[in-house]
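Have a go at each task before you read its solution.

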Amino acid sequence: MGIHRGHRARPAEWLAEKFIFLVSLTAILMVFLIFIFVAREALPILFGRMNSAAARPAIPAREMDRLKPEELREYLGLTAAEFKQLDKEALQALMEVREEEAKEAPKNPDAQVNTTQWRYLIGPHQWADSRPEERYVWQPVGRIHKYNLIPLIIGSLKTTLVALLFSVPLALAAAIYVSQLASPRWKEWLKPAIELLSGVPSVVLGFFALIVMATFLQGTFGYESRLNAFVAGIALGLAVIPVVFSIAEDALTSVPRSYSQAALALGASKWQAAWQVVLPAAAPGVFAAVVLGFGRAIGETMIVLMASGNATIVSWSLFDSTRSITATIAAELAEAVFGGHHYRMLFLIGAMLFVVTFLTNLAGDLIMHRLKGRLEGRAK
Amino acid sequence: MSTAPPNPPRLDFRSRGFDFASFAFTGVTGLATVFILAILAVILVNVVWHGWGTFSWRFLTTGMTTAAGGAKDMFNAGEAGVLPMIIGTALRVLVMTIVVVPVGVITAVYLTEYAQSTAWSTRIIRGAVSNLAGVPSIVFGLFGLGFFISFLGRGLDGGALEPHWGKPAILWASLTLAVMTLPLVIVATEESLRAITPGLREASLALGATKLETILKIVLPEALPGILTGGILAVGRAGGEVAPILFTGAAYYMRDLPHSLTDQFMDLGYHVFILSTQSPDIEKTRPILFATVLALLLLTLSLNLVAVLVRARVRQKMRAAH
């Protein structure tokens, strides 16, 4: 009997350890699956295999026999399972419908356009049925579906900008106060109280912005449309404050006490120690807080959906009604045909959102990790 | 022979006179703190003030069908109730908890008890956990639709024309929320596992217990408050989330309560959204809207409050242990 009782001696222990390890991989698996399954629905657009043209060339129904089954399936836009369940007569009927559609297609120069191509998604295009000043249009209804992403991206950036301008100064000031200036007894109360704000669901913040704040702010500032990027941005800021606050507070607290004590011993006042010694030492953490706050703001859905007015206008004015990427997904996915181009387009902007937040999170985490390593005197 | 200088400089650490910069700095940062708390207070007071009148026992315990079996007007404050929404929210949160707590706790056990902090696998797991915490809630909704409903659900149906699994349901909404709240549970459990003194584990191992026995009988019972915090935080967060369940299970209106996990459900948070954006007459709906928000806030904030209190005790213990 040796003292070393390795895994060999206890198969149950070995099994348990492997099981625990496997379960702990769930988080990795989930991040991976989220990316795969959101991107999967968007792939046909990414590779240009989707055609959203209102008028598609039709093949006369009587020429059905000349098509191979696979070609026919593709032409009718059916899945393999659906195709298998239809008999020849049903297929013939579908082809006739297609022929009718082609005859009735709008006599519009844009009818032939596949609007899911990248140049229509990002570049300007003068549509025959929209006004001359509207060259970037998101309008996935009607005969010609217009999918320009620029209005949505501008909308998201506008609300996020307002949210950060409103929340970052407030949250940082509060973080400095709570971590450096408040007495320990107050700190114990203030920190959880501010973090309680993160316990308010975003749908409640959206409700509050829509029902209470919108009217109040319009009365105060006197702008025209009641719901706009400004109102949404302020409400969004309320959701961002606890994020920025807790990360910045964490970074400021992780600066060793000896830093500020040394400054105080040299005759600095409390605020000088906080402002000139602790804050610079924690600067990367403050930056990380802002980066993660950005990620939170750009990904928030319900607040923007309820308080921004949801008009897809290209405008840099903060007081115009706007529509963000997230709100577009939430508002339109229920109406989009399963597997259609509108559906896939919404997954595409969702995948873009995922990539953006993935990168901001990665950056924020790396910065925090390095900062803590440096402050604790670890190598690198 | 040396003599002491006739006038030794007096040491004085108190600031001379009124230090305006110090006052202004403390004032500005303090005001910012007060301002944030004031906003929180305004929201809470406003909701309680306007919602209290309608927030009654009848409101909480009646559903959407009248005694005769007809449908009630859900925008009418006089007759509508929120019982189906409370049940729907409770159900989806319950199923989520059953899934997320074991997975989260086991992951936290791996990270604190088994993993070597420098191993690449540990780093990737940690990275994935913090990344998962930052994924926008609407992307979770898309994921739930793309993976659970159209991949798993339709896979289970096997191409049947009448989908049984491949449609929005409590089950899929709960699983989506479980993925979303996984990081909360992991982080909270890990924190409480780290708060346990290494001495306790060593004592157990020295008495001949195996690592697994130590974890099951010593470590996990000690960490129970932290595990509880994680669970409560997850429930509080998920209880108010709307975006992930928009396409995975929430229903605009249902006459009956859900009967099985493959049914859709009405939801408290989604109902707040419906009442504030879809009402034909917002003035008439206002009382019931505020009362519904009050119910939702009571649920999420009370859970958060409990989590904060438990967490404060865990942190105190941690300070005592190290």
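**Exercise 1.** Does B:Arg237 count as buried, partly exposed or exposed, and what is its relative accessibility?

Solution. Before starting, note that this is a predicted model, in which local features need pLDDT of at least 70, side-chain atom pairs count only at pLDDT 80 or more, and totals for chains, interfaces and linings use all residues. Residues are numbered from 1 along each chain as its sequence is written, chains are lettered from A and ligands numbered from 1 in the order in which they are written, and side-chain values use heavy atoms, with hydrogens and water left out.
- Step 1: recall the classes: buried is under 20% relative accessible area, exposed over 50%, partly exposed in between (1.4 Å probe, protein chains only).
- Step 2: B:Arg237 has 32% relative accessibility, so this residue is partly exposed.
- Step 3: look at its partner. B:Arg237 and B:Glu241 meet through their side chains in a salt bridge of 3.3 Å, N to O; the term requires a side-chain nitrogen of Lys or Arg within 4 Å of a carboxyl oxygen of Asp or Glu.
- Step 4: B:Glu241, at 8%, counts as buried.

**Exercise 2.** Which helices of chain A are linked by the salt bridge of A:Arg344 and A:Glu41?

Solution. 
- Step 1: check the distance: the side chains of A:Arg344 and A:Glu41 come to 3.2 Å, N to O.
- Step 2: place the residues. A:Arg344 sits in helix H16 and A:Glu41 in helix H2, 303 residues apart. Helices (H or I, at least four residues) and strands (E, at least two) are DSSP runs, numbered from the N terminus.
- Step 3: A:Arg344 is buried at 17%, and A:Glu41 is buried at 6%.

**Exercise 3.** Where does H2(A) bend, and by about how many degrees?

Solution. 
- Step 1: check the length. The 21 residues of H2(A) should span 30 Å at 1.5 Å a residue, and the end C-alpha atoms, 28 Å apart, agree with this. The expected span is 1.5 Å times one less than the number of residues.
- Step 2: find the bend, which is the angle between axes fitted to the seven residues ending at a residue and the seven starting there. For H2(A) the bend is about 45 degrees at A:Arg40, with the proline A:Pro44 following within four residues.
- Step 3: go past the helix: A:Gly48 follows H2(A) and has a positive phi, near 65 degrees.

**Exercise 4.** Which residues make the nonpolar surface patch of about 640 Å²?

Solution. 
- Step 1: list them: A:Phe32, A:Phe35, A:Ile36, A:Val355, A:Leu359, A:Leu362 and A:Leu366. Patch residues have over 30% relative accessible area and no salt bridge; like charges are joined within 9 Å, nonpolar side chains (Val, Leu, Ile, Met, Phe, Trp, Tyr) within 5 Å. Areas come from the Shrake-Rupley method with a 1.4 Å probe, and for residues only the protein chains shown count as cover.
- Step 2: H16(A) gives the most to the patch, with 4 residues.
- Step 3: take A:Leu359, which lies in helix H16 of chain A. At 52% relative accessibility, A:Leu359 is exposed.

**Exercise 5.** What kind of aromatic pair do A:Phe207 and B:Phe290 form?

Solution. 
- Step 1: rings of Phe, Tyr and Trp (its six-membered ring) pair if their centres lie within 6.5 Å; planes under 30 degrees apart are stacked, over 60 edge-to-face, and the rest tilted.
- Step 2: A:Phe207 and B:Phe290 are 5.1 Å apart centre to centre with 80 degrees between the planes, an edge-to-face pair.
- Step 3: A:Phe207 lies in helix H9 of chain A and B:Phe290 in helix H11 of chain B, so the pair joins two chains.
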